[in-house]
Each structure stands twice: as structure tokens, then as C-alpha cells.
Amino acid sequence: MSIDNLISDLLVAIGEDRDREGLLETPARVRKAYLNELFIGYSQDPADCFKTFDSDTYDQMVLLKDIEFCSCCEHHMLPFFGKAHIAYIPDKKIIGISKLARLLEVFSRRLQIQERIGEQVTSALMEYLQPIGAACIIEAAHLCMRMRGVGKQNSVMVTSSLKGNFLQKSGSGYAAREELMRLIK
Ligand SMILES: [Zn+2]
């Protein structure tokens with residue numbers, strides 16, 4: 001079953017004339033957009049982001065903020081997009097800062113819900129780096145809310161996945177979380 005044929009049938013099902021000129025190349029374009037961009041995450045392995053470096057001395061929080069991203073919601077296959085902030089407190093291992101953005105791409109370029117992207121990012125950080133704590137805060141606008149007449153045109157959804165000492169209710173983890181929230185304001 002090729003994507004091209006499926007999209008061609010879909011065009012008919014929604015009431016289009018698949019033979020009109022503007023749509024002739026559409027099935028092939030959609031296939032390329034799906035496989036090379038929107039859903040390329042299915043063919044990527046998060047493990048490839050984790051070429052780690054040893055660091056005995058580094059124990060400050062590492063934060064990459066305002067990482068722009070796009071994803072597609074699994075409920076409507078419509079885009080949601082915004083920015084993510086990813087932080088971790090290293091124990092012994094660190095990775096190149098750009099790899100945090102790569103990691104976000106691996107998970108966001110699939111059918112997703114916003115909460116799961118944050119959860120998968122922090123889980124991968126905990127698994128591969130064994131940091132003291134990991135956090136992923138995401139702010140995104142969902143076209144399935146904006147385009148479907150739900151009447152929430154300007155709403156932005158915020159989700160926060162925290163792991164390790166970022167969850168502490170007092171002490172150093174609490175202080176780290178407060179610092180993180182201040183830094184991403
Ligand atoms: Zn949706």
C-alpha cells in the first residue's frame with residue numbers, strides 16, 4: 001500500500017478531483033513530506049544522540065531553551081508547534097548541547113501528544129546520561145484547537161516533565177527547579 005495511492009484516494013474521499021492540475025503531484029509531495037520531514041523520527045534512534053563525554057567536575061545545570069519544534073498530534077494528524085526548554089543536571093556524563101535539540105527532533109517528528117514528547121525526552125536523558133535530574137518544558141499551539149472551531153484561538157498548552165531531583169519538594173532539587181523556572185521565563 002503506497003502513500004501515493006492512499007493520498008490519491010483521500011483526495012477523492014474529501015470531494016476533490018484528483019486529476020486537476022494542482023493536485024497531480026500532491027500524493028508524491030505528501031509522501032516526501034511525511035517520510036523526509038514530518039515523520040522522519042520513526043527511522044531515527046534516540047541512542048544516536050548520546051555520544052557522551054565524561055565530566056567529573058561539571059555539576060551545574062545545563063539548559064537549552066527556546067528550541068523551536070513542530071510535531072503532529074496523533075488525534076487529528078494536525079501540526080502543533082512552539083518551543084521546548086530542555087535541562088539536566090549532569091552527574092558524570094554530558095553530551096554536546098546541540099544533541100538536546102536533536103533528541104527533541106527524534107521524538108517530535110512522529111505522531112505525538114505534547115505530554116509524551118516531554119516524557120520521552122526526559123526518559124532518554126535519564127537512561128543514557130544518568131543525570132541528577134532532567135526536565136523538559138514545552139509550550140505549543142495546536143492547530144487542531146485553532147482550526148476546528150473549538151474557540152481557543154490563542155491558547156498555548158504548557159507541559160512539564162520533571163525527573164530526578166527536579167521533583168524534590170525541598171533542598172537542592174527544589175532550588176534547581178526554581179532556578180530553571182526563572183531561567184526560562
Ligand atoms: Zn489534535
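**Close-up views of a predicted model**

Figure 1. E2 and E5 run parallel and are joined by two bridges. Cys 72 has Leu 111 in E5 as its bridge partner.

Figure 2. Which residues of H3 are buried? They are Leu 100, Leu 103, Leu 104, Val 106, Phe 107 and Ser 108. The buried residues of H3 pack against E2, E3, strand E4 (93-95), E5 and H4.

**Figure 3. The largest nonpolar core has 26 residues.** Those with the most contacts inside this core are Phe 50, Phe 69, Ile 86, Leu 103, Leu 104, Val 121 and Leu 125. Two or more residues come from each of the elements E2, E3, helix H3 (98-108), helix H4 (114-129) and strand E6 (133-142). Leu 103 and Leu 104 are also among the buried residues of H3.

**Figure 4. The zinc ion has protein donors from Cys 73, His 76 and Cys 144.** The donor atoms are SG of Cys 73, ND1 of His 76 and SG of Cys 144, and they lie 2.2 to 2.3 Å from the ion. In sequence, the spacing of the donor residues is C-x2-H-x67-C. His 76 lies in the loop between strand E2 (62-73) and strand E3 (79-89), whereas Cys 144 is in helix H5 (residues 143-146), so this pair ties together parts that are 68 residues apart in sequence. Is each member of this pair buried or partly exposed? His 76 has 34% relative accessibility and therefore counts as partly exposed. Cys 144 counts as buried because its relative accessibility is 9%, and buried means under 20%.

**Figure 5. Met 77 and Gln 130 have positive phi values.** Met 77 is a residue other than glycine, and its phi is near 55°. Where is Met 77 placed? This residue is in the loop between E2 and E3, the loop that also holds the zinc donor His 76. Met 77 counts as partly exposed, at 42% relative accessibility. Gln 130, likewise not a glycine, has a phi of about 40°. The loop between H4 and E6 contains Gln 130, and with a relative accessible area of 43% this residue is partly exposed.

**Figure 6. The protein chain is divided into domain 1 and domain 2.** Domain 1 covers residues 3-38, and domain 2 covers residues 48-184. How many Å separate the centres of the domains? Taken over C-alpha atoms, the centres of domain 1 and domain 2 are separated by 33 Å.

How values were computed. Residues numbered from 1 in each chain as written. Predicted model: local features only at pLDDT ≥ 70, side-chain atom pairs only at ≥ 80, totals over all residues. Heavy atoms only, no water. Donors = N, O, S within 2.8 Å, 3.2 Å for Na, K, Ca; no water. Helix = DSSP H or I, 4+ residues; strand = E, 2+ residues; numbered from the N terminus. Buried < 20%, exposed > 50% of the residue type's maximum accessible area, 1.4 Å probe, protein only. Core = buried A, V, L, I, M, F, W, Y, C linked by side-chain atoms within 4.5 Å. Domains from an automatic or database assignment. Pairing = 2+ DSSP bridges. Contact = heavy atoms within 4.5 Å.
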